[in-house]
Amino acid sequence: MELSIDIKKQLNSCGRSFVLNCSFSSKKQFVVLFGASGSGKTTTLRTVAGLERPDAGRIIAGGRTLFDSQKGINVPARQRNIGYVFQDYALLPHLTVEKNIAFALQPTIFGRLSREEKQRIDEFLDIFHIVDLRQAMPTDLSGGQRQRVALARALIRKPDLLLLDEPFAALDPNLRSRLRSGLLDIQKHFNVPVMLISHDPEDVDIFAETLVVYDAGKVSTVVANYQAEKGSAGLAAMLPSLPCLA
Amino acid sequence: MTPLLLTLKVALLATAGAMVVGVTAAFLLSRGKFWGRDLAEVVLSLPLVLPPTVLGYYLLVLIGRHGIFGRWLHETFNISLIFTWQGAVLAAMVVSLPLVFKSAGAAFASVNKQCEEAAATLGASGMTVFLRVSLPLAWRGILAGSMMAFARAMGEFGATLMVAGNLPGRTQTLSMAVYDAVQGGDYQQANYLVLVITVVSTIILYGSGKLLQTSWR
């Protein structure tokens with residue numbers, strides 16, 4: 001899918017303020033936003049999801065204009081059909097695993113499910129290995145289990161794009177490597193474009209097809225085809241501040 | 001109707017009204033950013049600190065025979081709320097409103113905002129987010145506040161006296177009956193009524209405290 005982002009937004013956090021200035025485009029299936037925390041990665045992700053509104057600019061995903069300040073377009077989050085997995089997963093704490101997933105399939109006031117939809121939920125519980133947890137409450141789940149539920153919940157809506165905010169930061173190292181390969185499998189299985197945030201060079205190495213490097217609110221470098229250029233001298237020269245990547 | 005039954009009827013209806021108005025207002029104020037937001041917050045909390053007689057006076061100005069709203073009610077529907085039990089409901093509702101409003105506001109503020117955002121990215125409308133996410137996550141706080149409101153409405157005296165009067169059998173609530181009993185020297189009746197109010201209020205305070213002790217996460 002072609003993704004094209006060009007936005008500006010004034011940010012105020014912890015008493016300091018800066019202007020997020022982000023511009024890149026990608027045709028790849030895996031985009032990694034890389035950079036130190038507080039550099040504007042999460043804000044970028046939130047504007048794509050429609051949770052925050054840029055001051056100016058344009059966001060186009062798969063030919064669909066989601067935001068355009070000049071044309072006055074700002075598609076509400078609920079109509080964007082973009083999956084968002086929050087850093088702490090944001091499972092609904094008052095609903096069971098099964099009902100969290102059901103919410104995504106029928107996000108209406110009564111949330112009544114058809115027989116086909118119930119079957120689909122069973123299918124997803126199976127794919128994500130959470131059948132045994134269907135009646136469990138989110139508070140009783142481990143970090144890895146929560147992530148699987150959050151992924152199932154986001155993907156059951158067949159999103160056009162899946163956004164992941166620091167998907168592995170909160171997990172212990174053993175689990176991290178397992179879930180990384182899990183995410184690769186899931187991406188292949190659903191064939192959904194993924195954009196994820198990380199400050200871990202390992203994530204970049206494993207996932208990045210397009211790499212977007214953030215530095216203090218600005219996109220400092222975009223590597224359109226990271227896997228091809230990985231290890232090349234040219235790339236090392238492009239990323240002088242991040243020797244770990246080259 | 002006996003003072004006890006009338007009090008229960010008035011307090012229940014007043015609490016229901018305060019819940020609808022208080023929860024709606026609290027949710028809108030906790031989410032929206034609009035002009036006059038702070039003023040609305042203050043106005044809705046005023047009954048907490050104003051003397052009940054002042055509130056009663058405001059209500060008379062509003063719904064009295066010559067009041068702004070009262071005249072319209074009288075001319076269009078030939079209804080007057082003054083010296084009726086419905087007037088007592090209105091007075092008790094206004095007095096207990098801040099208890100629901102305040103606790104609902106705190107409850108909505110404590111709801112994890114990301115849960116509401118997650119629901120939005122999953123396709124839920126604002127109404128669905130409110131009914132299926134915000135409200136269920138805030139209900140303990142809302143219920144605890146509503147129980148306080150019920151206790152407050154049960155004991156309402158000043159505003160009710162000014163709006164609905166103290167007509168035995170028609171608008172005489174428990175607290176009015178206590179006043180009458182003491183004035184008339186009927187201490188047996190006074191003791192009985194005081195005991196009822198004290199026991200019910202104690203149970204309610206205990207229950208609402210318990211509700212607030214446990215919460216999600």
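This is a predicted model: local features need pLDDT of at least 70, side-chain atom pairs count only at pLDDT 80 or more; totals for chains, interfaces and linings use all residues.
Local features need pLDDT of at least 70 and side-chain atom pairs count only at pLDDT 80 or more, while totals for chains, interfaces and linings use all residues. Residues are numbered from 1 along each chain as its sequence is written, with chains lettered from A and ligands numbered from 1 in the order in which they are written.

A:R80 counts as buried because 24 C-beta neighbours lie inside 10 Å. Here a residue is buried if 20 or more other C-beta atoms lie within 10 Å of its own, exposed if 12 or fewer, and partly exposed in between, with C-beta atoms placed from the backbone. Apart from neighbours within four places in sequence, A:R80 is in contact (C-beta atoms, placed from the backbone, within 7 Å) with A:A49, A:G50, A:L66 and A:V75. A:A49 is 31 residues away from A:R80 along the chain, yet their C-alpha atoms are 7.0 Å apart.

Two other loop residues of chain A are worth a look for their backbone angles. A:H129, between α3 (115–127) and α4 (143–155), has a positive phi of about 55° although it is not a glycine; with 12 C-beta neighbours inside 10 Å, A:H129 counts as exposed. A:E166, in the loop between β8 (161–164) and α5 (173–190), likewise is not a glycine and has a positive phi of about 45°, but A:E166 counts as buried, with 21 C-beta neighbours inside 10 Å.

Beyond four places in sequence, the contacts of A:V212 include A:F24, A:V32 and A:F34.

Chain B has 10 helices and 0 strands, and its C-alpha trace spans about 65 × 45 × 25 Å along its principal axes. Of its 217 residues, 45% count as buried. Turning to the interface, 21 residues of chain B are in contact with 20 residues of chain A. On the chain B side, α6 (113–121) and α7 (126–154) are the elements that give two or more residues.

Conventions
Two residues are in contact if their C-beta atoms, placed from the backbone, lie within 7 Å. Helices (H or I, at least four residues) and strands (E, at least two) are DSSP runs, numbered from the N terminus.
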